[in-house]
Amino acid sequence: MNRAVARVADELAARGHRVLIVAPSQSGALVRDSRRAIRAARENPAALLDGTGDGMPRLLGVGEVLPFQPSRKRAVSLPIDVARTIEQFFSIAPLDLAHIHEPFAPSAASAALRHSRALNVGSFHSTTERVLSTQVARRVVELFLGRLDARVASYEATREQLHRWFPADYSVILPGADPPREGGANARAAAARAGGLDAGLAAGYEVPELVLISDEERPAVRTFLRALRRLPLDVPWHATIWSPSGIQPPGALRGELRERVAFVGPDEADEATLLARADVAVRASSGAVPIPSGVLDAVAAGAVPVVSRLPVYEELIERGDGLLFEPGDIQTLAAQLDRLVRDPGLRFRLREGARPLREQLTWSRVVDELEQVYGALTKRRHDGRGDPALRAQVARRPLIDVDLHMHTDHSGDCATPVEVLLATAKARGLGAIAVTDHNEISGALDALAKANGIKVIVGEEVKTKDQGEVIGLFIRELIPRGLSLEQTIAEIKRQGGLVYVPHPFDRMHSVPDYEHLLAVLDDVDAIEVFNPRIAIHEFNEEAVRFAAKYRVPGGAGSDAHVAQGLGSVRIRMPDFDGPEEFMESLREADVIRTPASLLYVQALKFLQTKATPAPARRGVRERRVRRAVRKS
């Protein structure tokens, strides 16, 4: 994954993109310099991008992250200093896109997804199930991954695994591989193509080289060695096993086999050098730790892959050419290797058959496909410019305070008469209000008819069939509840109204989830970025991030169900007339918060609607209306 990030970042930077890489690091000097740069950028956020316009990405280290060890009986969490650095970075950095790899918690990637204010692209590489995420914390992970605006899977097997637990749209972008080095099997294959197969055989196919890179689970090495013991010694062959830590030869190997098998580590050779001279590359994972990128590296190097029959390995073999064996099936693996060492023509045909796949394995092709994903996302952003001429006209108007979300006793869960609502709004200095009763428009129409000195926007908070609530502003007719989100929005638009999404990420309300919002994003006119009745502040913050990344104008409203809560949050904006001027005015609006006790207004709501008997409520209503009319 680190190599993929590096290659993609280099290619993006070479194409003129300004690229920052944020990653854990064990380098104390890099981490100190990076944290110093992040702190310094508070005054000038663009400074974080300094040095990224010369064709090179900038690397920021955020601290050391210890590997997750399930056997440890202790709480697993991201180090506090790393999480804090990531939060500071995303609160400052002027990013358009954040491409986050394997954003499962606990990790630096999950912290990045939590704090990102940019458009988020998530890449998933692993094909193995994450039991903690799928079996234990699936519902939480679903909500967390909902912050992704686009999802990319490295393989079809990855997409299938993810879709089983976290259904969504995943684009499959096959990773690239580094170009093969000169010499070895590549040179022999080139000679065979140039002079014909017979000449190629004579040119150097005499001693086929078998290679296994030991980055899968340890039993894969034992499977390979046991298969080698079954290979005939009457034909020439040689095998090399490479391990990052170096593997000592097992004592059980026969003497004649020891002469044919080499065990090497990084001090003797690197993986690329071994693959460059390999005729056959073996991948023997049982499924615990498959490394599909290793198969791609082998194909790119010109080696014939012999792999265990795992979905991701089989997928890659189907794209190119290679041989399969059942996981742990030593006899079949030995038989496949026997075929290859005895038949140089078979090796040549398989190598040539993999040419179409080999030609795809360029990082340039990967970035081409990623740019399509990035471009599709950025195109979904709203045009924040609006109508400059109309905005200039509206900007000359006096400022008024507006509350965009409130209820009257025409809503079943509110006992505030229209007269009381209007009198309270006027007393609290509001210049305009949007009356948005639940699945009802009569209260808003009544308020419009009785308004004196205050502007009333007729609205309705409509409960959709199963995708939460949406508010229609500047509408004229009742919209029935129970329609789909798309149908409800279409009805709002038919009436010339504006689509306003209330409390969009409050899981304690009925809300459209992230994916539902993305599906209708083009038709959303504004999003409620602050609602004082939301108990968990992070839900409002998530709405702020969503509105900012897609450049959707943000609104705010008290969501008042009692008169005492009216105007607890308001937006200060130029005066307007009609929906077009309202939208241009909203782009210039400021959110003004007046703290009010959520417990207090919720208790009042309960007392006025549930705790008071119906006859008493009628008497109270009449007295409140008389007082409101007298004051007005």
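**View 1. D297 and its partner R3.** D297 counts as buried, at 15% relative accessibility. In this predicted model, D297 forms a salt bridge with R3. The closest N and O atoms of the two residues are 2.9 Å apart. The pair links distant parts of the chain. R3 sits in helix α1, residues 2-14. D297 sits in helix α13, residues 292-301. R3 is partly exposed, with a relative accessible area of 28%. The pair also belongs to a network of salt bridges that links R3, R7, D178 and D297. Side chains of opposite charge can pair when their charged atoms come close. The structure holds 36 salt bridges.

**View 2. The salt bridge of R15 and E371.** The side chains of R15 and E371 meet in a salt bridge, at 2.7 Å from N to O. R15 lies in the loop between α1 and β1 (20-23), and E371 lies in helix α18 (residues 363-379), so the pair ties together parts that are 356 residues apart in sequence. How exposed is R15? R15 is partly exposed, with a relative accessible area of 30%. E371 is partly exposed too, with a relative accessible area of 26%.

**View 3. The salt bridge of D525 and K493.** Here D525 forms a salt bridge with K493. Their closest N and O atoms are 2.7 Å apart. This pair also links distant parts of the chain, 32 residues apart. D525 is in the loop between α23 (514-519) and β18. K493 is in helix α22, residues 485-494. Is D525 buried or exposed? D525 is buried, with a relative accessible area of 15%. K493 is partly exposed, with a relative accessible area of 33%.

**View 4. F89 and F90, an aromatic pair.** A search of the whole structure finds 9 aromatic pairs. One of them is F89 with F90. Their ring centres are 5.0 Å apart and their planes stand at 80°, so the pair is edge-to-face. Planes over 60 degrees apart count as edge-to-face. F89 and F90 are both buried.

View 5. F104 lies in the loop between β3 (97-101) and α4 (108-115), and F166 lies in the loop between α7 (156-165) and β6 (170-172), so the pair ties together parts that are 62 residues apart in sequence. F104 counts as buried at 7% relative accessibility. F166 counts as buried at 4%. Which residues make up the aromatic cluster? F104, F124, F166 and Y170 form one cluster.

**View 6. A positive surface patch.** R218, R222, R226 and R230 form a positive surface patch. R218 lies in the loop between β7 (209-213) and α10 (219-229). R218 is exposed, with a relative accessible area of 57%.

**View 7. A227 in helix α10.** A227 lies in helix α10. At 0% relative accessibility, A227 counts as buried. How many residues separate A227 and G328 along the chain? They are 101 residues apart, and their C-alpha atoms are separated by 9.9 Å.

**View 8. I527 in strand β18.** I527 lies in strand β18, residues 526-530. I527 counts as buried, at 0% relative accessibility. I527 and A543 are 16 residues apart in sequence. In space, they are 7.4 Å apart, C-alpha to C-alpha.

**View 9. H503, a residue with positive phi.** H503 is not a glycine, although its phi is positive, at about 30°. H503 is found in the loop between β17 (498-501) and α23. H503 is buried, with a relative accessible area of 1%.

**View 10. D559, a residue other than glycine with positive phi.** The phi of D559 is near 50°, a positive value. Where does D559 lie? D559 lies in the loop between β19 (554-556) and β20 (569-574). D559 is buried, with a relative accessible area of 2%.

Technical notes
Residues numbered from 1 in each chain as written. Predicted model: local features only at pLDDT ≥ 70, side-chain atom pairs only at ≥ 80, totals over all residues. Heavy atoms only, no water. Patch = residues over 30% accessible without salt bridge, like charges linked within 9 Å, V, L, I, M, F, W, Y side chains within 5 Å. Areas by Shrake-Rupley, 256 points an atom, 1.4 Å probe, with all protein chains shown as cover. Salt bridge = Lys/Arg side-chain N within 4 Å of Asp/Glu carboxyl O. Lys, Arg positive; Asp, Glu negative; His and termini not counted. Charge placed at Lys NZ, Arg CZ, Asp CG, Glu CD. Helix = DSSP H or I, 4+ residues; strand = E, 2+ residues; numbered from the N terminus. Buried < 20%, exposed > 50% of the residue type's maximum accessible area, 1.4 Å probe, protein only. Phe/Tyr/Trp six-rings, centres within 6.5 Å; stacked < 30°, edge-to-face > 60°.
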